[in-house]
Amino acid sequence: MRKDILLAVCFLMPLASVAQNDTLGHERNITLSEAIVLARTQSVDAAVALNELKTAYWEYRTFRADLLPEVNFTGTLPNYNKSYSTYQDSDGSYSFVRNNTLGLSGQLSIDQNLWFTGGRLSLTSSLDYLKQLGSGGAKQFMSIPVSLELTQPVFGVNTLKWSRRIEPVRYAEAKAAFISATEEVTMKTITYFFQLLLAKESLATAMQNKTNADRLYEVAIAKRKMGQISENDLLQLKLNSLQGKADVTEAESNLNAKMFQLRSFLGVSEQENLNPVLPATVPDIKMEYDCVLNKALERNSFAQNIRRRQLEADYEVATARGNLRSIDLFASVGYTGQNHEFSSAYRDLLDNQIVQVGVKIPILDWGKRRGKVRVAKSNREVVLSKIRQEQMDFNQDIFLLVANFNNQAQQLDIAEEADVIAERRYRTSVETFMIGKISTLDLNDAQNSKDEARQKHISELYYYWYYFYQLRSLTLWDFERDTELEADFEEVVRG
C-alpha cells in the first residue's frame, strides 16, 4: 500500500512547463529584453512618439529657416485690363474712359529677418511693363535695378527675438519627451509581459492543481472504502476536483486575453504563441534620491517644459505691453528708370527714396490695452504658481519612487524565498495527506499558500522592473551602464 501511495505522489507533481506546452502547442520563447526591443520598433505607441518628434523637428527647422535669408520672386504675368473707369476733368466734371492695357511686372528680392530688432531688410530689383492696346498704343518700361528696403516696428514686441529664446527650449523638451516616451513604451511592455507571465503561471498552476485534485480524489475513494477517510473529506476532495476544472477553464481564457494583448502591442502575428521567460536576474543597484533628482531636473522634459512655460508667459506680457502703442518705420533707398525701350530703362537712373513712419497711439481706449497688460501679468503669476506646485509634486514623486525601488529589492528576495518554501511545504503536505496525518483543510491551505507565493514572486519581480524603468524614464539615465540615454535625432527623423 505504501508503494502505491508513493507512486501516486510522483504522478501528482507534473512540471508546469509540460502542462503549459500540452495546452498551447508550439510556442515562441520571448525574454523581457526581446519584448522591449520589439515594442520600441513595432508598437503603435513607439510610432506615435516618433511622429511627435518629427513634428517638433520640422517645427524647429521652420523656425531656424526664419533666421536665414530668403530669395523670393513676385510677379504678375500678365495683367490684362479692358474696362471703363471714372475720370475727373479739370473743370470738376466726370467722364468714363476706356482702359485697354496689358501689363507685366516682376520683382526679385532677397529678404532677411533681423532677429535683434524685429525688422526686415530686403534687397530688391523689379521691372514693370505697360502697353496700350489698340491702334497707336504705346509701351513703357519702368525699372528699379536695386533698392534697399527696411521695415521696422519701433515699440512692438520683437516676436523673432522671443522665438529664438522659446523654440530651442521647445525642441529640447520634445527630444527629452521622445526618450521618455520610449521608456514609457518599455514600461507598458513590462506590464503586458508580466501579465502574460502571471496568466501562464496561473494556467500551469491550475492544471497542476486539477491533476492533483483528480488523483487525490481517486485515492480518497479507495481509502474511503477501507475506512481510512471520512465522508466529509471525500466530498471536499470531490469539490476540489470540480473547482480545479473551473479554474483551468478560467485560466485558459485569461491566458488567451493576455496573449492577444501582448501580441497586439508588439505587432506580432496572431499565429505565434508567445511564451514569456521569467527574468533570471535583476541589476543590483541602490538609488540615491539627490542624484536621481538632479538628473531628472537636468534632463527630464519636465524641466524644459517649466522653462518654456515661463518664457511664454513673459512673452504674453511683452506682447500686451507692445500693443499699448504702435510705430512702424519703412524706408526704401534705390534707383529707378523708365523708357519706351527695355535697354534704355536701365540708363539715366533717378533717385527712388521712400521714408514712412506710421503711428498708432490710443488717445482714449477706456483702459482696454492696459487691462490686457494686467491680464497677461495675472496669467503669468498663475503659471508660476502652478509651476511651483508641479515642481514640489515632481520632487515628491521622485522621492517616493526612489524609496519604493530601494525597498523592492528586499521585497523581491523575500518573495523568491517564500515561493521556494511554499512549494516544498505543498509537496510535503501531499505526502503527509497520503498517509493520513493531515486533513483536506490543511492540504488546501498548503495549496493556496503555494499558489499565492508563486503569484507574489512574479508580481514583486514585475514591480522591480517597472520602478527601474520608471526611474529611467524620469531621469533619462541608464543606471546599469551609468550613462545618459541619448539618440541620434537627425537619424531617427530621417529613418
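Trainee: What should I know before I start?

Mentor: Residues are numbered from 1 along each chain as its sequence is written, and side-chain values use heavy atoms, with hydrogens and water left out. The model is predicted, so local features need pLDDT of at least 70 and side-chain atom pairs count only at pLDDT 80 or more, while totals for chains, interfaces and linings use all residues.

Trainee: How is a pair of aromatic rings described?

Mentor: You give the distance of the centres and the angle of the planes. Rings of Phe, Tyr and Trp (its six-membered ring) pair if their centres lie within 6.5 Å; planes under 30 degrees apart are stacked, over 60 edge-to-face, and the rest tilted. Here the count comes to 24 aromatic pairs. Take Tyr57 and Trp58: the centres are 5.1 Å apart and the planes at 80 degrees, so that pair is edge-to-face.

Trainee: Is Tyr57 buried or exposed?

Mentor: Buried means under 20% relative accessible area, exposed over 50%, and partly exposed in between (1.4 Å probe, protein chains only). Tyr57 has 5%, so Tyr57 is buried, whereas Trp58, with 48%, is partly exposed.

Trainee: Which helices hold Tyr192 and Phe265?

Mentor: Helices are DSSP runs (H or I, at least four residues), numbered from the N terminus. Tyr192 lies in helix α5 (residues 159–225) and Phe265 in helix α6 (residues 231–266), so their pair ties together parts 73 residues apart in sequence. Both residues, Tyr192 and Phe265, are buried.

Trainee: Which residues form one aromatic cluster?

Mentor: Phe193, Phe194, Tyr462, Tyr463, Tyr466 and Tyr467 do.

Key. Helix = DSSP H or I, 4+ residues; strand = E, 2+ residues; numbered from the N terminus.
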